[in-house]
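Good morning, and thank you for joining. Please turn to the structure on the screen, and I shall then go through its features in turn.

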Amino acid sequence: MNSSIAIQGIKGSFHHQVVLEYFSEARDVEECLSFEEVVASLLAEKASQAVMALENSIAGSIIPNYALIDKNNLQIIGEHYLDIHQNLMALDGQQLKDIAEIHSHPMALLQCMEFLKKHPHIKLVEDQDTAETARRIHQNEIHGIAAIASKAASKMYGLKILAPEIQTVNNNMTRFVIVTRKASEVDQDKINKASLKFELDHKRGSLAAVLNVMSDCRLNLTKIQSLPIIETPWKYSFFVDVTFDAYEDFQKAKAVLSIMAEHLKILGEYQNKQP
């Protein structure tokens, strides 16, 4: 069985860093330039697992990834939190005044906006991946263009850091999840977090009733994200993360919610790694 890990981006990207930190042994990576490609690689069994960013402490949820996990019936089996340090880098021999454009992933640009506002003469260009941008500058010896990426990418692709750690907020953390095609056998005594999806009619008290059930069953709501159901106006899907001390409490909540909410779906049961 293929044991490689699909990542959005290339070696030197933040997703690659998660692979290095999360897995206890060296793993091959399947490099993909989009999250859709990550999922396709997993479904085609080119990779056994995948790493996907779900939310950032500054920029918020990466909503399309919730939809990808749901639509393709993937299972979350773990999570990893990564401190994000963004660095401005370019070919050696250049200074900030020589840079006409900065290319990076839109999330990286957003995370560094306070720094970027101080340099209005520089054009911002959205790209597919932070590390891939750094690699392209290196391979094509492109002058006048800088990338925003990790320190690892600067070392890997021989770029000079023009401005280190330019993220707006120093405590900038991204939550990544580890997903597979089907649920893995996780010991129940280690499971203390779960991701759920359910649907509710847009009527008074429906969400409050569900939240009361979670509270009564001693679940701690750590995340709630609503998405409109496009085919059905005024109806919403809710993606929810909960933590708990006893798995039996979660089982009880599942039984009640399966009656109260429409189309309850368990997206994953795993170990809480939130710092």
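This is a predicted model: local features need pLDDT of at least 70, side-chain atom pairs count only at pLDDT 80 or more; totals for chains, interfaces and linings use all residues.

Let me begin with the largest pocket. About 260 Å³ of space lies in it. Its lining comprises 13 residues, and Leu227, Pro228, Ile229, Ile230 and Ser237 are those nearest the centre of the pocket. Which of them gives the most? Helix H3 does, with 4 residues. In terms of class, the lining of the largest pocket has 7 nonpolar residues, 5 charged and 1 polar.

As a reminder, side chains of opposite charge can pair when their charged atoms come close.

Lys265 and Asp70 meet through their side chains in a salt bridge, at 2.7 Å from N to O. This pair links distant parts of the chain, since Lys265 belongs to strand S15 (residues 262–270) and Asp70 to helix H3, 195 residues apart. Is Asp70 buried or exposed? Asp70 is buried, because its relative accessible area is 13%, under the 20% limit. Lys265, at 22%, is partly exposed.

Next, strand S15 takes part again. Here the side chains of Lys235 and Glu262 form a salt bridge, again with its N to O distance given as 2.7 Å. Lys235 lies in strand S14 and Glu262 in strand S15, 27 residues apart, so that this pair too links distant parts of the chain. Lys235 counts as buried at 16% relative accessibility, whereas Glu262 counts as partly exposed at 28%. Elsewhere, salt bridges with shared partners join Glu55, Glu79, Arg175, Lys193, Lys223 and Asp241 into one network.

The remaining pair sits within a single helix. Glu132 and Arg136 are both in helix H6 (residues 130–140), 4 residues apart, or about one turn of the helix. Their side chains meet at 2.4 Å, N to O. Glu132 counts as buried at 14% relative accessibility, while Arg136 counts as partly exposed at 25%.

Finally, the surface. Val256, Ile259 and Met260 form a nonpolar patch there, with about 280 Å² of accessible area together. Ile259 is found in helix H9 (residues 247–260), and Ile259 is exposed, with a relative accessible area of 72%.

Thank you for your attention.

Definitions and conventions: Residues are numbered from 1 along each chain as its sequence is written. Side-chain values use heavy atoms; hydrogens and water are left out. Patches are made of residues with over 30% relative accessible area and no salt bridge: like charges are joined within 9 Å, nonpolar side chains (Val, Leu, Ile, Met, Phe, Trp, Tyr) within 5 Å. Accessible areas come from the Shrake-Rupley method with a 1.4 Å probe; for residues, only the protein chains shown count as cover. A salt bridge is a side-chain nitrogen of Lys or Arg within 4 Å of a carboxyl oxygen of Asp or Glu. Helices (H or I, at least four residues) and strands (E, at least two) are DSSP runs, numbered from the N terminus. Buried means under 20% relative accessible area, exposed over 50%, partly exposed in between (1.4 Å probe, protein chains only). On a 1 Å grid over the protein atoms alone, a cavity is a set of points where a 1.4 Å probe fits but cannot get out, and a pocket is an open set with protein on both sides within 12 Å along at least five of seven lines; lining residues have an atom within 4 Å of a point. Grid points are joined across faces, edges and corners, and a volume is the space filled by probe spheres set on the points. Ala, Val, Leu, Ile, Met, Phe, Trp, Tyr, Cys and Pro count as nonpolar, Asp, Glu, Lys and Arg as charged, and the others, Gly among them, as polar.
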